[in-house]
Amino acid sequence: MIEPDTGTRGEAVAAWIRERIVNGELTPGTHLQEQAIGNLTGTSRTPVREALKLLQREQLVLYSPNRGYVVRRFSLKDILDAFDVRATLEGMVCRLVATKGLSAEADARLSEVDEEMRQVAFGTTWGERASFRWFDLNGYFHKLLIEEADNPMLASVIIQTQRLPLIFDSNQRLRSAVQVSRMFGEEDTQRSYRDHKAIVSAIRARDAGEAERLMRGHILESRETMRRNFGRAYPDPAVAADGDAVAEPPAA
């Protein structure tokens with residue numbers, strides 16, 4: 001039964017559907033039936049329709065007169081495009097934070113996460129547990145800076161770019177250890193750690209231009225890793241000759 005904390009019942013239903021799309025329970029190409037969703041959420045068709053229109057605006061679902069609403073499929077190009085947008089927006093985040101200066105609380109939290117990331121990146125054992133812990137710490141690092149920028153509009157757009165390519169779950173993790181090992185290796189993690197160190201140093205030095213440049217480069221390097229390794233993480237015999245693969249991870 002859906003009981004919205006804030007907003008309309010349609011927004012609450014949208015949040016319910018969105019979570020299941022992002023976490024892989026509703027896979028790309030799934031037909032979203034109003035009656036079935038209404039039964040599962042304990043709502044009438046009206047808030048379900050509102051929810052589906054909202055998700056259509058977010059580009060998570062597509063509508064056609066013949067099929068109704070379906071979960072959108074994402075190509076490799078879609079994923080790379082999202083990384084391009086993130087590079088610009090999160091670069092802006094770092095410019096804002098460096099311009100106004102870190103709060104004492106955020107500075108301390110960055111020091112704490114830096115130490116744990118160092119231990120994970122340069123630990124003696126790199127495996128499933130370490131890789132998933134890295135994803136959590138990496139997500140926390142970026143989220144901390146976004147919050148510190150204190151720009152809700154910017155934050156909301158970044159969140160949308162993070163959820164659009166349906167290869168990560170709601171915690172910004174790849175969904176399986178196999179995908180992690182094929183997409184990002186220990187060297188990628190160590191490079192990312194060094195990037196984070198340089199970004200934070202520029203922010204602490206109040207060098208807004210350098211902080212922005214470093215974050216843009218950091219995300220674009222991750223984009224290149226994604227481009228290079230996508231086919232290994234998501235092997236698909238139906239990949240087109242031009243390399244435009246469909247991102248359709250298995251259900252969680």
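Accessible areas here come from the Shrake-Rupley method with a 1.4 Å probe, and for residues only the protein chains shown count as cover. On that basis, the protein chain exposes about 12,800 Å², and carbon and sulfur atoms supply 50% of this area.

Colleagues, this is a predicted model, in which local features need pLDDT of at least 70 and side-chain atom pairs count only at pLDDT 80 or more, while totals for chains, interfaces and linings use all residues. Residues are numbered from 1 along each chain as its sequence is written, and side-chain values use heavy atoms, with hydrogens and water left out.

I begin with the chain as a whole. The protein chain holds 10 helices and 5 strands; these are DSSP runs numbered from the N terminus, helices being H or I with at least four residues and strands being E with at least two. Of the 252 residues in the protein chain, 46% are buried, where buried means under 20% relative accessible area, exposed over 50%, and partly exposed in between, with a 1.4 Å probe and protein chains only.

I turn now to helix α6, residues 128-149. Helix α6 packs with helix α9, residues 186-204, at an angle of about 20°, and their axes are 12 Å apart. Axes are lines fitted to C-alpha atoms, for helices over the stretch in contact, and angles run from 0 to 180 degrees between N-to-C directions. That angle makes α6 roughly parallel to α9; angles under 35 degrees count as roughly parallel, over 145 as roughly antiparallel, 65 to 115 as roughly perpendicular and the rest as oblique. Residues of α6 that meet α9 include Trp134 and Phe141, a contact being heavy atoms within 4.5 Å.

How does α6 lie against helix α4, residues 76-100? Helices α4 and α6 pack at an angle of about 60°, with axes 8 Å apart, and are therefore oblique to each other. In this contact, α4 contributes residues including Arg86, Val97 and Lys100, and α6 contributes residues including His142 and Glu148.

Is Glu148 buried or exposed? At 13% relative accessibility, Glu148 counts as buried. Leaving aside neighbours within four places in sequence, Glu148 is in contact with Val97, Lys100, Gly101, Leu102, Ser103 and Ala106. Glu148 and Leu96 are 52 residues apart in sequence, and 8.7 Å apart in space, C-alpha to C-alpha.
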